[in-house]
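Reader: I have a model open on my screen and would like to understand the words used to describe it. Could you take me through them?

Author: Gladly; let us look at it together.

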Amino acid sequence: MSESAIDAPPPPSGCDHFSKSVDPEVWWRAHFVDAAGAIVDFFAGDGISLEDKRIADVGCGDGIIDLGVAVRAKPEQLVGFDILDNDVDLLQRRAAQHAGIETLPPNLYFSTSETTRLPAEDDSFDYVISWSAFEHIDDPVAVLREIRRILRPMGVLFIQLWPFYDSAHGTHLVDWFPEGFAQYRYDNAEILRRVRSTGSQDMASEMLEVYRTLNGITADGLQDALRQAGFRIVKVALDSEAVHIPVEAAHLPLSQVAISGIKLLAIAEDDEAGASAASDGGAASDGAGPAGTAGAGPAGTESAGAESAGSAMDGAVTGAARAQVGQTGAESDEAEGGELAV
Ligand SMILES: C[S@@+](CC[C@H](N)C(=O)[O-])C[C@H]1O[C@@H](n2cnc3c(N)ncnc32)[C@H](O)[C@@H]1O
């Protein structure tokens, strides 16, 4: 094979529907159907049902995923947190248009958070989910500590992240750089020029800001951040597709360029003893602490005060996940970060 053939940029694969410029119906399906389904299924794979449980979503964005999870899993309450206000009227209109949902579920709330502070009480959620947010969060350790604070004892955290910064479409600029690895092929001036040269200038500005503010976290960096916040990963699935690595990225570890995304479940290290008891068939968590969030959303958040029905990874589920994952390994390097000035 000639070098030019080897270097030939592959077409974007399987990620175009994550771009904000796609057809609204495709965007809706990717979030309401695919992402929400993937979350529910990832828990269900370990026998965990979200029904009648209290769920928080950190970095909820437009709330479509939250609606999908609320409809599918029937939690007691689902609160989407984001540092940006959610446009609930827009969500309602989209729900009516794409899914015939005329009224948003009464157990779905949205709350505006601060960058390192979630407006919720200690021990108030059974599960926390986060989808495609942790590469955008300035201080992942601080937010993970907040998540740990609001999780009930024995709670479980689900994180999905795609794409990692060093992977082919880690710039989030796939529309302009379908060949991938633009962050290594081109300097910032070229990236700026190409993004500005086509399409809507509003979209260009938004996506350049997204690119500029990515935190550059890696899979190992995410694990390290979780550990710093007192979490332990108990289940993980890595995404990896065939990619052509350009010479400019040839020096990077495969674990960075070839891992495009991750889904994981993590539990608080402090819960080890209790979780072991649960996995032995012991009592579930007592659901300590009143539920509720501050920072009212459109419908306001409420103090449901309901007891958690049980531990998050209770029974054989916990035992199975722990048996598969085993003990934690050596310390990994600090999460990569750094400025991405454009
Ligand atoms: C790419 S969007 C993902 C939104 C949604 N989860 C989805 O997949 O459609 C990332 C979101 O994370 C939010 N975000 C960034 N930093 C955050 C923080 N410190 N706390 C909460 N949300 C944050 C952003 O405002 C943005 O809405």
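Reader: Which residue is the bridge partner of Ala56 in strand 4?

Author: The partner of Ala56 there is Val128. Please keep in mind that this is a predicted model. The bridge belongs to the pairing of strand 1 (residues 54-58) with strand 4 (residues 125-131).

Reader: How do you know that strand 1 and strand 4 pair, and in which sense?

Author: Two strands count as paired when there are at least two bridges between them. Strand 1 and strand 4 have 3 bridges, so they meet that cut-off. Their sense is parallel.

Reader: What is the strand order of the open sheet?

Author: The order of its 7 strands is 3-2-1-4-5-7-6, and the pairing is mixed.

Reader: What makes helix 2 and helix 4 roughly perpendicular?

Author: Helix 2 (residues 24-44) and helix 4 (residues 88-99) pack at about 95°, and their axes are 11 Å apart. Angles of 65 to 115 degrees count as roughly perpendicular, and the two helices are therefore described that way. Glu25, Trp28 and Phe32 of helix 2 make the contact with Arg94, His98 and Ala99 of helix 4. Sorted by class, this contact has 3 nonpolar, 1 polar and 2 charged residues.

Reader: Why is helix 9 called largely enclosed?

Author: Of the 10 residues of helix 9 (residues 219-228), 7 are buried, so the rest of the structure largely encloses this helix. The buried ones are Ala219, Gly221, Leu222, Gln223, Asp224, Ala225 and Leu226. Their cover includes helix 5 (140-150), strand 5, strand 6, helix 10 (254-257) and strand 7 (261-268). Just after helix 9 comes Gly230, with a positive phi of about 90°.

Reader: Is Met154 buried or exposed, and how do you know?

Author: A residue is buried if 20 or more other C-beta atoms lie within 10 Å of its own. Met154 has 25 such neighbours, so it counts as buried. Met154 lies in strand 5, and its phi is near 75°, a positive value in a residue other than glycine.

Reader: Why is Lys74 called partly exposed?

Author: Lys74 has 15 other C-beta atoms within 10 Å, so it is partly exposed. Lys74 sits in the loop between helix 3 and strand 2. Its phi is also positive, near 50°.

Reader: What is the omega of the cis peptide bond, and which residues does the bond join?

Author: Omega is about -5° for this bond, which joins Trp162 and Pro163. Pro163 is in the loop between strand 5 (151-161) and helix 6 (182-185). As background, most peptide bonds are trans.

Reader: How many residues surround the ligand?

Author: There are 19, and the closest are Gly59, Gly61, Trp131, Ser132 and Ala133. By class, the shell has 10 nonpolar, 7 polar and 2 charged residues.

Conventions: Residues numbered from 1 in each chain as written. Predicted model: local features only at pLDDT ≥ 70, side-chain atom pairs only at ≥ 80, totals over all residues. Near = placed C-beta within 6 Å. Nonpolar A, V, L, I, M, F, W, Y, C, P; charged D, E, K, R; others polar. Axes fitted to C-alpha atoms, helices over the stretch in contact; angles between N-to-C directions. Helix = DSSP H or I, 4+ residues; strand = E, 2+ residues; numbered from the N terminus. Parallel < 35°, antiparallel > 145°, perpendicular 65-115°, else oblique. Contact = placed C-beta atoms within 7 Å. Buried ≥ 20, exposed ≤ 12 C-beta atoms within 10 Å, placed from the backbone.
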